[in-house]
Amino acid sequence: MTDEKDQIGFGFETRAIHAGQEPDPVTGAVIPPITLATTFAQDEVGKHGGFEYSRSGNPTRRALEVCVASLEGADFGSAFASGLAAEDAVLRGLLRAGDHLIIPDDAYGGTFRLVSQVLAESGVEWSAVDLTDSGALLAECRPSTKAIWVETPTNPMLTIIDIAAVAEFAHKNNARLIVDNTFATPYLQTPLALGADVVVHSSTKYIGGHSDVVGGFVATNDSEIGERIAFWQNAVGAVPSPFDCYLLLRGIKTLGVRMDRHCVNARAIAEMLNSHAAVDKVLWPGLPKHRGHDIAAQQMRGFGGMVSFIAAGGQDAALALAARTKVFTLAESLGAVESLIEHPALMTHATTADSPLAVDAALIRLSVGIETTSDLVEDLRAALDSVL
Ligand code: P1T
């Protein structure tokens, strides 16, 4: 579905600004109009300009789909109303009763809820595996295993999974590899180029980048999967509004510069945390001592803006400092220009309690924004000092 010129020959930032977004042929408007029409006039029955009804296809959404697909190096892209709607399309669209799915033992809590409470109801079996452990992966793989779900870096532990290695394993075992690329974004990591079959996004996060739109995306180079996802998008109908598509297109234009700045600020925060007595362990793949540092350095073009850490004083210290920052806002979600702090065990990952995906109660997750670096470092340092 992407035009050839949207894929080939241009760099990331050029595609982020232009792919799918030619000046309007009638007015010359350089930004695609927000096309609110739900229906499109036909000259004769079946003879139209490419759009019939907005659930099936909308020009603003099409511009977004071409743009994000181009950034992921994908031939097919479908936009959804949320990241979970995109995940639902991939999982329920591709898996049948009796199929087996391998998920990571560290992933977004909502993904776990979708798999364990929705997908399981339609008869799909699943197991949670430490995907950094190839022996564990081999032990869990069955003849019925049809897909492996990867997040890397993971939410919230920032674990790094070797995409190329898991892709090779999946394909040897006739399974598909799906990668949730929300934390890295296509600016820092392109899973399809590393062998993944499908890429999924919560575009609510870095792609939108401004905490003002909920969205999801699926990208693939496999025409069979691409058609199935487009069918699911139309048949189930969890589509984003034209205004949401516009907000996402607007956000994407600065994705590259935002990510560069997120990475710089995250490094400063990780280094401060690393030497603070109120911190037991820092989880950021850019630190050379991080378990996945070498793989991250190979498969990513930067280490990202998410930093997690274990508070030395346990849950009480974690909750106290989460309430005491002034520049970091205590809130769920991530990936926007403003810095956020949260307590995964009681917030974003509460749904994983008592499951293989349960998280440490002393864990704090930071979405490091693009504010002035020293303001962020000093804000967090003051909160940490206060719990010593
Ligand atoms: O919220 P939604 O747009 O539906 O996206 C779900 C989702 C999917 N994948 C990952 C890796 C995610 O982090 C999320 C949403 N996560 C949060 C809201 C959060 O605070 O972690």
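## Stop one: a lysine and its partner

Select Lys146, which counts as partly exposed at 36% relative accessibility; the cut-offs are under 20% relative accessible area for buried, over 50% for exposed, and partly exposed in between, with a 1.4 Å probe and protein chains only. Before going on, note that this is a predicted model, where local features need pLDDT of at least 70 and side-chain atom pairs count only at pLDDT 80 or more, while totals for chains, interfaces and linings use all residues. Residues are numbered from 1 along each chain as its sequence is written, and side-chain values use heavy atoms, with hydrogens and water left out.

Helices (H or I, at least four residues) and strands (E, at least two) are DSSP runs, numbered from the N terminus.

Stay on Asp99: is this residue buried or exposed? Asp99 counts as buried, at 10% relative accessibility. Show what surrounds Asp99: leaving aside neighbours within four places in sequence, the residues in contact include Gly123, Val124 and Ser144 (contact means heavy atoms within 4.5 Å).

The whole structure has 10 salt bridges. Pick Glu140 and Arg142 next, whose side chains meet in one of 3.9 Å, N to O. Glu140 is partly exposed at 28% relative accessibility, and Arg142 is partly exposed at 31%.

Then jump to helix α6 (residues 163-172), where Lys172 and Glu168 lie 4 residues apart, about one turn of the helix. These two form a salt bridge as well, with the closest N and O atoms 3.6 Å apart. Lys172 is exposed, with a relative accessible area of 64%.

## Stop three: the cysteines

How many disulfides does the structure hold? There are 0, a disulfide being a pair of cysteine sulfur atoms within 2.5 Å. Select Cys67: the nearest cysteine sulfur, that of Cys245, is 12 Å away. Cys67 is buried, with a relative accessible area of 0%.

Finish on Cys263. Its sulfur is 19 Å from the closest cysteine sulfur, in Cys67, so the two are too far apart for a bond. Cys263 is buried, with a relative accessible area of 14%.

Note on methods. Salt bridge = Lys/Arg side-chain N within 4 Å of Asp/Glu carboxyl O.
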